[in-house]
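Dear colleague,

Please keep the structure open while you read.

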Amino acid sequence: MTTHKPAARGQAATAPPERGPGPVPVPLIVNDVPYTLDIEPRVSLLSALRDGCGLTGAKRGCDQGTCGACTVWVEERRVLSCLTLAIACEGRRVTTVEGLAQGGELHPMQEEFIAHDAFQCGYCTPGQLMSAVALVREGHAGAPGEEADPAEISEWMSGNLCRCAAYPHLTAAIAAAAKRM
Amino acid sequence: MRPVSYARATAPAEAVAAVAADPGGAYLAGGTTAVDLLRQNVLRHDRLVDIGDLPLAGIEETPAGGLRIGALTRMSDAAAHPLVRERFPLIAEALELGASPQLRAMATMGGNLLQRVRCAYYRDAVSPCNKREPGTGCSALGGINRGHAILGTSEHCIATHPSDLAVALTALDARVHTLRGAGERSFHIDDFLLPPGDTPHIENPLEHGELITAIEVPDTPTARTSRYLKIRDRASYEFALTAVAATLRLENGRISGVRLALGGVATTPWRARHAERLLLGAAAEPGVFDEAARAELAEARTTPMNAFKAELARRAVVRVLRTLAATPEGQA
């Protein structure tokens, strides 16, 4: 163990403003729409989206970060909204499956999910879509002009479970959509 | 989840002061452990200080040729970083074989080192557990312990350390830099992740409110030929039954440099120093690899359910060393 000289003082004086534990106004920007919710700091982003914003696309599957049904984007990152506190998303752009379609046109990924029959019951589908679009953006569905590697797609979709086991159709849909994105 | 208050810190010293002043205070970074375990009543903090805005993300070279990885760097960003992939491929592999893409996009490098064990008795919030409620006993000793540790255990706790990243960092002699009210300090990773002994509830030497600011990985030329092998029940998104982080350097068929650490089998990331001593200077042959692996695992203490891990770990060590020995870059 090494001990260095104390850090510079002066910036330690002020404590960050504390909010809660009761309800506090929390401004959020979801799919470019501003909301202000009166919620406790312990409320998850998933609950805020579903119960506060009325955006029920993101689904509550396990509520413990295992299944991926609640996947949304915070800024460019795909995250589990069940393990994210809504209040921690103040000042950050949140995108849900409701924000994928633009101007009444489905996103290419949504069209390919339909074309490839990439779901049965559909409960996991919003999370699958948000992971799938992020996966392509992250470069895991092949470089432009290249064929996607199904094994690579599967690996990078492993955080989204599908109890109907539509996995082969999901992989095919993502590979097809990647060529159009 | 029980009620919590929330504050977002804008400076590291401010965050440290806020948490240190309140026994119920804790940091919130990626949240993948904190939110999960607060909701399950395993953690019981009532004040969260969000450190997400602190300037502690990013990766830079150190003057000595190593890397300094900011504590708030996301696992996904660290794994994708060109310097990490080029100089420390075992770190990138360990990161990408851990958790899921979403969890890696949330979880931070500092938080990864503080993640809690996956022992079901610890996480159910009701079973006797010396880690969660000191003195209540260990339910895993006579319970379902197929995934539990065979090295570094005590009569008080046999929970396996869950991090993949920490295994790679242990092989590389990484250091953990921290900030507390009294100033900065740093720890060798061996002194940072503590075996359970008589105090399984003490997992690291951090004072209450002490903040990890960075992980430093020293320059390790042999790490350019390195591997992280992870063996688990599923093909992806699963904790290790056995993992091996290794670097290997050969000169004229003899081992001139080797680093070996085991994951998934011990209560801490397990630096296989006994095996390293046997390997250094020896011929790079499967029989030698096997002998070293057996020697390291000789002190394993198994249960009927996890006895398979000793053999699995032996085979994993031999396989990684054979793979690295066959890699052209490993030859001098």
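This is a predicted model: local features need pLDDT of at least 70, side-chain atom pairs count only at pLDDT 80 or more; totals for chains, interfaces and linings use all residues.

The largest cavity holds about 90 Å³ of space, and 17 residues line it, of which C119(B), C129(B), C138(B), C157(B) and A159(B) are the closest to its centre. When the lining of this largest cavity is divided by class, 11 of its residues are nonpolar and five are polar, while one is charged.

The second largest cavity holds about 30 Å³ of space. Its lining is made up of L46(A), K59(A), R60(A), G61(A), C62(A), D63(A), G65(A), T66(A), C67(A), G68(A), C70(A) and C82(A), and by class these residues come to five nonpolar, four polar and three charged.

**Helix packing**

In describing two packed helices, one gives the angle between their axes and the distance between the axes, and I do so here for one pair in each chain.

In chain A, helix α3 (residues 125-137) and helix α5 (residues 167-178) have axes that come within 10 Å and cross at roughly 45 degrees. With that angle, α3(A) is therefore oblique to α5(A), and the crossing in which α3(A) passes α5(A) is right-handed. On the side of α3(A) the contact is made by Q128(A), A132(A), L135(A) and V136(A), and on the side of α5(A) by L170(A), I174(A) and A178(A).

In chain B, the pair is helix α12 (residues 286-297) and helix α13 (residues 308-325), whose axes come within 9 Å and cross at roughly 145 degrees. The crossing of α12(B) and α13(B) is right-handed. From α12(B), the residues P286(B), F289(B), D290(B), A293(B), R294(B) and L297(B) meet a set in α13(B) that consists of A310(B), A313(B), R314(B), V317(B), V318(B), L321(B), R322(B) and A325(B). By class, the contact of α12(B) with α13(B) has 10 nonpolar and four charged residues, and no polar ones.

With kind regards

Conventions:
Residues are numbered from 1 along each chain as its sequence is written. Chains are lettered from A and ligands numbered from 1 in the order in which they are written. Side-chain values use heavy atoms; hydrogens and water are left out. On a 1 Å grid over the protein atoms alone, a cavity is a set of points where a 1.4 Å probe fits but cannot get out, and a pocket is an open set with protein on both sides within 12 Å along at least five of seven lines; lining residues have an atom within 4 Å of a point. Grid points are joined across faces, edges and corners, and a volume is the space filled by probe spheres set on the points. Ala, Val, Leu, Ile, Met, Phe, Trp, Tyr, Cys and Pro count as nonpolar, Asp, Glu, Lys and Arg as charged, and the others, Gly among them, as polar. Axes are lines fitted to C-alpha atoms, for helices over the stretch in contact, and angles run from 0 to 180 degrees between N-to-C directions. Helices (H or I, at least four residues) and strands (E, at least two) are DSSP runs, numbered from the N terminus. Angles under 35 degrees count as roughly parallel, over 145 as roughly antiparallel, 65 to 115 as roughly perpendicular and the rest as oblique. A crossing is left-handed if the near helix is turned anticlockwise from the far one by less than a right angle, and right-handed if clockwise. Contact means heavy atoms within 4.5 Å.
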